[in-house]
Structures are given as structure tokens and as C-alpha cells.
Amino acid sequence: MTTWQRILSGLGLTFFLSFPVMSETSSIQVLYLNDYQEDQQLVVDASARFQFPEKVLSAIHHEIPLTFTTEIELNEIRTLLGIPFSRNRTQIVYRTELQYIGYNRTYVIANKRNQKVQSFDSLKEAMKTLGTLSNFRISDLADLHPDTLYAVKMRISLDQWQLPTPLIIDTLWSSDWQLDSGWRSIEIQSPKSWL
């Protein structure tokens, strides 16, 4: 321990020396995000992969529910006097809760958007379902301008503020709990007229 570490430790300020460092073993990664048109709607499919460190796995198996926030945005991209800017057209935010039920050894996912509840025999199956978005409707094509550039963005993150209070304090200083995919984005050029 260095002299400065001893001094700070004596003052109860050791937390300044432990900034979160991103861990290679803990992450959420959006693997793909694809758009298409169906029934006059702009629709997306997506897939994400979850990798949890031991601390998070331990919390799950101690029946602590984890809440994940999925954010999806549709932004119109324009240029004004040579300066690019974007305008938000659609913003969708929903939460999904994952919980392990030790009594019957099942993993339960509760989607707060559509109130759908599913149970699984393994964590791998549960996380595959949590990370899959299929035929997700974003916008009516009639609401979009023809011949315009748009960006569809998606992000999944752990909502640390939904954890029990003692764990919230731990998440502030531990990289194990910093689970966030960051934004994954694709661009869409709308045709001169929608079919």
C-alpha cells in the first residue's frame, strides 16, 4: 500500500481508488439489428447476448430479481446548412424482469410491456429469450417522410436502481454490475414513396 493509499484509507476515502473498470466477462452485446416492412409497418428483429460475472450469477441464484431496460429509438436524420442533426420520431422503453425461483428451479421472465410471463428450465434459455426481439413494430410507414434518412437504435441495460438497497450501493463501485450494451444503430433510407 502506498503512502497516499494509507492516508486516504485513514480518512475513509479508499473508494476514490477503486474506479469501475470494464470487465471482459460481464457484458450485454447486441449482436444484430435488422429492419423490414410488414403490413405497412416498420418492423425490427434483434438479438443480444448476455454474459454475467459471478457476482451477478450469485445474486440471481439467491432469488434477487434483475430488471433490464430495453430502449428503441427511431430518429430522422437531416442536414441544415451542412450541419447534420436528428429528430426523434419514436421512442420505446420497456422493462423485463428476470428472477430465479429456487423452489421449483425455474427462471422466470416477466415482460412489463405486454405483461407476458414465461418460465424456463435453464438460465441460458431465459437469456436467449430475453435477448431476442422478433417482428417488433416501431412505426406506421404512413408516419414517415418519403426519401428521408432514418436511424433505428437499440440498447439494453441492467436497471441498477431496481435492485435491493444494499446491492445498489455495491453497483456504484463495482464494474460487475455495469451491464449495458451501448447503442446499436442502423440507417434506413426511405423510398420516394412507400409501397
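Predicted model: local features only at pLDDT ≥ 70, side-chain atom pairs only at ≥ 80, totals over all residues.
Local features need pLDDT of at least 70 and side-chain atom pairs count only at pLDDT 80 or more, while totals for chains, interfaces and linings use all residues. Residues are numbered from 1 along each chain as its sequence is written, and side-chain values use heavy atoms, with hydrogens and water left out.

Stop 1: Now zoom in on E2 (residues 41-51). Antiparallel pairing joins E2 to E7 over 6 bridges. Find Ala-46: the residue opposite is Leu-133 in E7.

**Stop 2: helix H3.** Select residues 123-130 (helices are DSSP runs of H or I, at least four residues). Leu-123, Ala-126, Met-127 and Leu-130 are buried here (under 20% relative accessible area, 1.4 Å probe, protein chains only; exposed is over 50%, partly exposed in between). Look down the axis of H3: the buried residues fall within an arc of 95 degrees, so they line one face (the arc is taken from the directions from the helix axis to the C-beta atoms). Turn to the other side of H3 for Lys-124 and Lys-128, both exposed.

**Stop 3: helix H4.** Select residues 165-173, then pick Ile-169. Ile-169 counts as exposed because its relative accessibility is 52%.

Note on methods:
Helix = DSSP H or I, 4+ residues; strand = E, 2+ residues; numbered from the N terminus. Pairing = 2+ DSSP bridges.
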